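Subject: Structure handover

Hello,

The structure we discussed is below, with notes on what turned up in it. Please read the notes alongside the coordinates.

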Amino acid sequence: MKHAMPALPYAPEALAPKMSRETLDYHYGKHLQTYVDNLNALIPGTPYEEMPLEEIIRKADGAIFNNAAQTWNHTFFFRQLTPEQGPVPAKLAAKLTAEFGSVETFREQFTRAALGLFGSGWVWLAADRAGHLSIVAMSNAGNPLRDGLRPVMTVDVWEHAYYIDWRNRRADFLKAFWELIDWKQVADRAVPRRYRCTACDYVYDPAKGDPETGIAPGTPFEEIPDDWTCPVCGLYKEAFRPVEE
């Protein structure tokens with residue numbers, strides 16, 4: 001399996017001045033490209049050659065893990081950004097308030113974790129199988145998938161993420177970062193959407209899962225295997241549509 005560069009959901013200059021085109025050219029165009037190229041060079045002839053990226057992250061060590069995780073981490077990071085930020089959706093605000101006390105308290109704790117992480121790494125908002133959220137600071141290429149957690153949001157605090165625009169001022173980078181987050185994406189990860197079968201109206205609820213077929217509670221619909229079928233009428237996953245909340 002050959003891994004490829006992800007497409008950006010915005011133009012390279014669209015995040016300026018909070019994140020310049022030059023930063024995107026280097027951080028996305030060179031750093032991420034290097035991780036992808038390294039991974040593709042390392043995996044031929046290994047047990048990881050045909051594995052999906054997530055499985056490599058969970059199982060590999062050393063250089064293969066580092067390049068696989070950095071490929072995944074950067075893809076997740078860039079795709080969660082937007083030049084047209086909207087308000088925090090009500091369902092996310094309610095979830096963050098329940099977990100951290102308020103949206104502002106969550107932001108303060110997340111920022112403090114990002115400022116306090118020594119050296120290079122990532123800070124994540126992650127969910128466990130029960131849906132509980134936590135802030136996890138991880139060095140180097142760390143990824144919550146290794147600990148059975150589901151990534152919800154992240155910030156890259158490797159110096160190359162911000163040095164062009166902000167030099168060594170990580171705090172200023174973090175202020176700009178908060179204005180680029182696509183809150184709808186974060187909301188859909190933090191409070192996974194329910195999906196309805198278009199044939200029989202069965203609704204898949206991530207909080208309940210489908211234990212009879214091995215789908216554990218807390219499994220987002222997107223993570224269900226493609227060969228899973230509706231427990232009522234037997235139609236495949238492709239027959240389901242999101243429930244409008």
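A disulfide is counted here as a pair of cysteine sulfur atoms within 2.5 Å. The model is a predicted one, and a search through the whole of it returns 0 disulfides. Two cysteines deserve a remark under that cut-off. For Cys 197, the nearest cysteine sulfur belongs to Cys 233 and is 3.5 Å away, so with the limit at 2.5 Å Cys 197 is in no disulfide. Cys 230 is also in no disulfide, the nearest cysteine sulfur being that of Cys 200 at 3.6 Å.

In soluble globular proteins, nonpolar side chains tend to be buried together. The largest nonpolar core in this model has 64 residues, and Met 153 and Val 155 have the most contacts inside it. Helix α3, residues 62-79, supplies the largest share of this core, with 8 residues. What is Met 153 in contact with, once its neighbours within four places in sequence are left aside? The partners include the aromatic residues Phe 76, Phe 106, Phe 110, Trp 124, Phe 177, Trp 178 and Trp 183. Val 123, Leu 125, Ile 181 and Val 186 are also among them, as is Gln 80. There is also a second, separate core of 10 residues, whose members include Tyr 195, Ile 215 and Trp 228.

Last, the backbone. Most residues other than glycine have a negative phi, and most peptide bonds are trans. The peptide bond from Ala 16 to Pro 17 is cis, with omega near 5°. Pro 17 sits in the segment before α1, which spans 21-42. Asn 140 is not a glycine, yet its phi is positive, at about 55°. Asn 140 is found in the loop between β2 (133-139) and β3 (150-156), and is partly exposed, with a relative accessible area of 45%. Arg 167, likewise not a glycine, has a positive phi of about 55°. The loop between α6 (163-166) and α7 (170-177) holds Arg 167, which is partly exposed at 44% relative accessible area.

Regards

Notes
Residues are numbered from 1 along each chain as its sequence is written. This is a predicted model: local features need pLDDT of at least 70, side-chain atom pairs count only at pLDDT 80 or more; totals for chains, interfaces and linings use all residues. Side-chain values use heavy atoms; hydrogens and water are left out. Helices (H or I, at least four residues) and strands (E, at least two) are DSSP runs, numbered from the N terminus. Buried means under 20% relative accessible area, exposed over 50%, partly exposed in between (1.4 Å probe, protein chains only). A nonpolar core is a set of buried Ala, Val, Leu, Ile, Met, Phe, Trp, Tyr and Cys residues joined through side-chain atoms within 4.5 Å. Contact means heavy atoms within 4.5 Å.
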